Amino acid sequence: MFKNKIATKLITAFAGFVILCVLFLGVLFINIFASNHIRYRTESLMKAAKQISVMNEVTNNDSKKLLSENRLIEFLDYSADARIWIVDRNMDITVRSSGDLYDHAQMGNCLLPQNDIEFMQGVLSGNDMVSYANTAFYDLPMLSVGVPVYSNGEIIGAVLLHTSIKSLREPIRQTTLYLIMAILFSTVVIIIMGSFFAISFTRPLKIMKEVAGKMTGGDYSVKTNITKNDEIGDLANSMDVLAKRLAEAKSETERLEQLRQDFVANVSHEFRTPLTVIKGNIETLADTEIDDKQAFYSNIQKEVNALEKLVSDLLDLSRIESGRLELNIEKVDVKSVISDVVRSISPLAMQKNITIDTTGITQAIPPIYSDYYRLRQVLIIFLSNSIKYSDSNKKISIKADVTDFLTIRIKDNGFGISKEDLPYVWDRFFKSDKMRADSDSTGLGLAIAKNIVNLLGGEVTIQSELNVGSEIQITLPLGGIKMTSA
Ligand SMILES: Nc1ncnc2c1ncn2[C@@H]1O[C@H](COP(=O)(O)OP(=O)(O)OP(=O)(O)O)[C@@H](O)[C@H]1O
Ligand SMILES: [Mg+2]
């Protein structure tokens, strides 16, 4: 527990504070109690002394009452716990209560407090006197009160009451004892309670410290599991959220790093193939006497074209992904884009005797706000795929529907894509049908097309079945990019 510094500090401070408070209040209480107790005793003795003095005055005038007076003095001695002396002007005792420890005979008539002469003189000159000093007779600190006794207006003696100060202090001593016991008891209780409180208060802090330590070491799978409805609970919850966010950020960083590495590997690979072919052809041309150099030059040209396409695809992709691709938004007549694309791609289709059927576009298509060049690029990517991945003599159909959206469908009866590969066709450099992919296939076409359609505010999906064919569906908002970006 002593290792738990906050807990130790809390207990020490808490216990120290409470003990100091109890001590302060205790001392204050004892002082007030002691002074009040002594004052009260003095007053009551003084009162009793005065009563006796009055009684004595009466007695002097009426000797029949002496007996009852003596009894009363005994009673007062007993009830007030004070020794009562009645002395004459010569300071000789005339009456004395029997509560004294000392023998009456032993005392004689001359044992008045000689060293209290001032006290006695004060009383015999008519003053009510109080003394807390030792008396010569008892030789103990005594509370003594004295009042004069009058007879016909003259002082004939005095009533003296003595009580032991020690007996007065007894209740004070006992109260002090109880107070010390209370302080000790409360100290023990405070230490036990304080320990529980401090440990339960610092336990979550300890857990959080451990969790933070693990997080510093890079382990973000940690959780505090603290459910408290206070500031510590909030802090623990924030730490859990922080750990979760850091874990997400870490896995995102790892994912991006993996993507970067894959990208570099793919790009290098895509560059290496055409470069190797070009290098081979140039070496042959340089080293050997060849009559028909045309075939070599055309090989080189083909690979250079492939490299050019790769570079331009990579540039497109990089511009799209970094948000630097600028769109030229204008009113676009979709039907004329489709005709333009079909016209451009026809020579390629004709090489495989593939027909492109646009008769399905019967409906009038309202113009949309879009980028003519980019929409054309997207349709060329999809159509060139359909041609590339279809056997000769097949048919490709293009349809367009207008509902709440503009939907363009491109359907072929080509080789199709296997179920396993279908989810990955939109990934960069993914080539499902490597055998049939030609030399300038980079696997970037669909990735670029999907990004552009999204930039134009639309969606694209693909359905495909192996050896049956594929269908691309492009959905664009009728209001065009203006509407979606608004
Ligand atoms: N209509 C289709 N029919 C069958 N397979 C297709 C079709 N369209 C795409 N694919 C498959 O998806 C893969 C990815 O297509 P994508 O257009 O991205 O790359 P690519 O055609 O190989 O190269 P390029 O970047 O030159 O277009 C292709 O390699 C092909 O296997
Ligand atoms: Mg392609």
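## The shell around ligand 1

The residues of the shell around ligand 1 comprise six nonpolar, nine polar and six charged ones. In this division, Ala, Val, Leu, Ile, Met, Phe, Trp, Tyr, Cys and Pro count as nonpolar, Asp, Glu, Lys and Arg as charged, and the others, Gly among them, as polar. The model is predicted, so that local features need pLDDT of at least 70 and side-chain atom pairs count only at pLDDT 80 or more, while totals for chains, interfaces and linings use all residues. Residues are numbered from 1 along each chain as its sequence is written, chains are lettered from A and ligands numbered from 1 in the order in which they are written, and side-chain values use heavy atoms, with hydrogens and water left out.

Of the 21 residues around ligand 1, those that come nearest are Lys-309, Asn-385, Asp-433, Thr-442 and Leu-446; a residue is near a molecule if one of its heavy atoms lies within 4 Å of it. Two helices, α9 (372–388) and α10 (445–455), each supply at least two residues of this shell. The most comes from α9, with three residues. Helices are DSSP runs of H or I with at least four residues, and strands are runs of E with at least two, numbered from the N terminus.

## Polar contacts and cover

A polar contact is a pair of N or O atoms within 3.5 Å; within protein, one must be able to donate a hydrogen and the other to accept it, and residues adjacent in sequence count only if both atoms are side-chain atoms. An N or O atom in the side chain of Tyr-389 is 3.0 Å from an oxygen atom of ligand 1. Nitrogen atoms of the ligand are reached by polar side-chain atoms of Asp-412, at 3.0 Å, and of Ser-470, at 3.3 Å. On its own, ligand 1 has 590 Å² of accessible area, of which the protein covers 97%; such areas come from the Shrake-Rupley method with a 1.4 Å probe.

## Paired strands

Two strands pair if DSSP finds at least two bridges between them. Strand β7 (residues 355–357) runs parallel to β9 (residues 395–402), joined by three bridges, and Ile-356 has Ile-396 as its bridge partner in β9.

Seven bridges join β9 to the antiparallel strand β10 (residues 405–412), and these strands form a hairpin with two residues between them. Ile-396 is partnered in β10 by Asp-412, the residue that also has a polar side-chain atom 3.0 Å from ligand 1. On its other pairing, β10 meets β12 (residues 469–477) in the antiparallel sense over eight bridges, with Ile-472 in β12 as the bridge partner of Ile-410.
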